[in-house]
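This briefing is for a reader who is new to the structure.

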Amino acid sequence: MKNCLKCRALVISLLILNLFRVSVASVVSTGDFNKDFFVMWAPDHVSTSSNGRERSLKLDQVSGSGFASNQMFLFGQMDMQIKLVPGNSAGTVLAYYLASDQPNRDEIDFEFLGNVSGQPYIVQTNIYVDGFDNREERIYLWFDPTEDFHTYSILWNLHQIVFMIDSIPIRLYRNHAEKGVAYPRWQPMSIKTSLWNGDSWATRGGLDKIDWSKSPFIASFKNYTIDACVWKGNPRFCRADSSANWWNKRSFSTLTRVQKRWFKWVRNYHMVYDYCQDNQRFQNNLPKECFLPKY
């Protein structure tokens, strides 16, 4: 009997160990910016800590800056802790996004639009599919994103795209491809960040310009996680229902009950703009997805 109990305990221990292995098997990031990312432009405007764990981008009158992942991915979850440009950041744009780098590109975008001191930051999200976008949503942040780091996440799977801030879902884009709605599901994408001059449109439609006397403008990054399917040239591996591809499982095909409550709270109290409510822009011919369920 004792031996049997020991065997059961060993089996349970092995199962737990195996589950742990499965849970980390898809994490492909090292936590070192120098190993997982390369500088896209202006290396003299990109600073990285000695251990590779933190990185910052700088914008001044000479140049903006940016970096991108070495790998490309097809589905998964990407998390990045970011501290936004402090002070009077009007006209600046910090982008954290996925992009396929094709002429008919797919993109999943976070864009943080700089503000005049004392005004709340606006986060714009957008989705490109086959080169077409026009799917912007904007929210006011309910905290000061310049005082500390916050986690910005993109969950992208066969069922939905979820934008999250500190695990709170702020936007959903559902896969309604079977109903004729475009959805990014074939093109692999890399992770990119950039800090640049967007004062022609970013703050109050371009009315507030960058005050270069406040430069340089600095945004900081740390504690990223890439838990995703690395592109190897064949989409079936990333679309497969496997233990490593946890994001494609049914349990991640919609929001949980708690997530739905948070999502409604964001939309009720922090939404600034929703393309699905802009009849004037679309001349009373809103995109098809605007009439379909989000979850």
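The points below cover ring pairs, charges over rings, and cavities. The model is predicted: local features need pLDDT of at least 70, side-chain atom pairs count only at pLDDT 80 or more, and totals for chains, interfaces and linings use all residues. Residues are numbered from 1 along each chain as its sequence is written, and side-chain values use heavy atoms, with hydrogens and water left out.

**Aromatic pairs**

- The structure holds 22 aromatic pairs, where rings of Phe, Tyr and Trp (its six-membered ring) pair if their centres lie within 6.5 Å; planes under 30 degrees apart are stacked, over 60 edge-to-face, and the rest tilted.
- Tyr 173 and Tyr 183 are stacked, because their ring centres are 6.1 Å apart and their planes are at 5 degrees.
- Tyr 173 belongs to strand β12 (residues 168–174) and Tyr 183 to the loop between β12 and β13 (190–197), so the pair ties together parts that are 10 residues apart in sequence. Strands (E, at least two residues) are DSSP runs, numbered from the N terminus.
- Both Tyr 173 and Tyr 183 are buried (under 20% relative accessible area; exposed is over 50%, partly exposed in between, with a 1.4 Å probe and protein chains only).
- Trp 246 and Phe 252 make an edge-to-face pair, at 4.8 Å centre to centre and 65 degrees between the planes.
- Trp 246 is buried at 17% relative accessibility, whereas Phe 252 is partly exposed at 31%.
- One aromatic cluster is formed by Phe 33, Phe 37, Phe 67, Phe 221 and Tyr 224.

**Charges over rings**

- The charged end of Arg 55 sits over the ring of Phe 67, 5.1 Å from its centre (NZ of Lys or CZ of Arg within 6 Å of the ring centre and within 35 degrees of the ring normal).
- Arg 236 lies over the face of Phe 237, 4.4 Å from the ring centre.

**Cavities**

- There are 2 cavities of 30 Å³ or more; a cavity is a set of points, on a 1 Å grid over the protein atoms alone, where a 1.4 Å probe fits but cannot get out, and lining residues have an atom within 4 Å of a point.
- Volume is the space filled by probe spheres set on the points, which are joined across faces, edges and corners.
- The largest cavity has a volume of about 80 Å³, and its lining includes Tyr 173, Cys 276 and Lys 294.
- Strand β12 gives the largest share of that lining, 4 residues.
- The second largest cavity holds about 30 Å³, and strand β6 (residues 92–99) gives the most to its lining, with 3 residues.

Definitions and conventions
1 Å grid on protein atoms, 1.4 Å probe; cavity = no way out; pocket = protein on both sides within 12 Å on 5 of 7 lines; lining within 4 Å.
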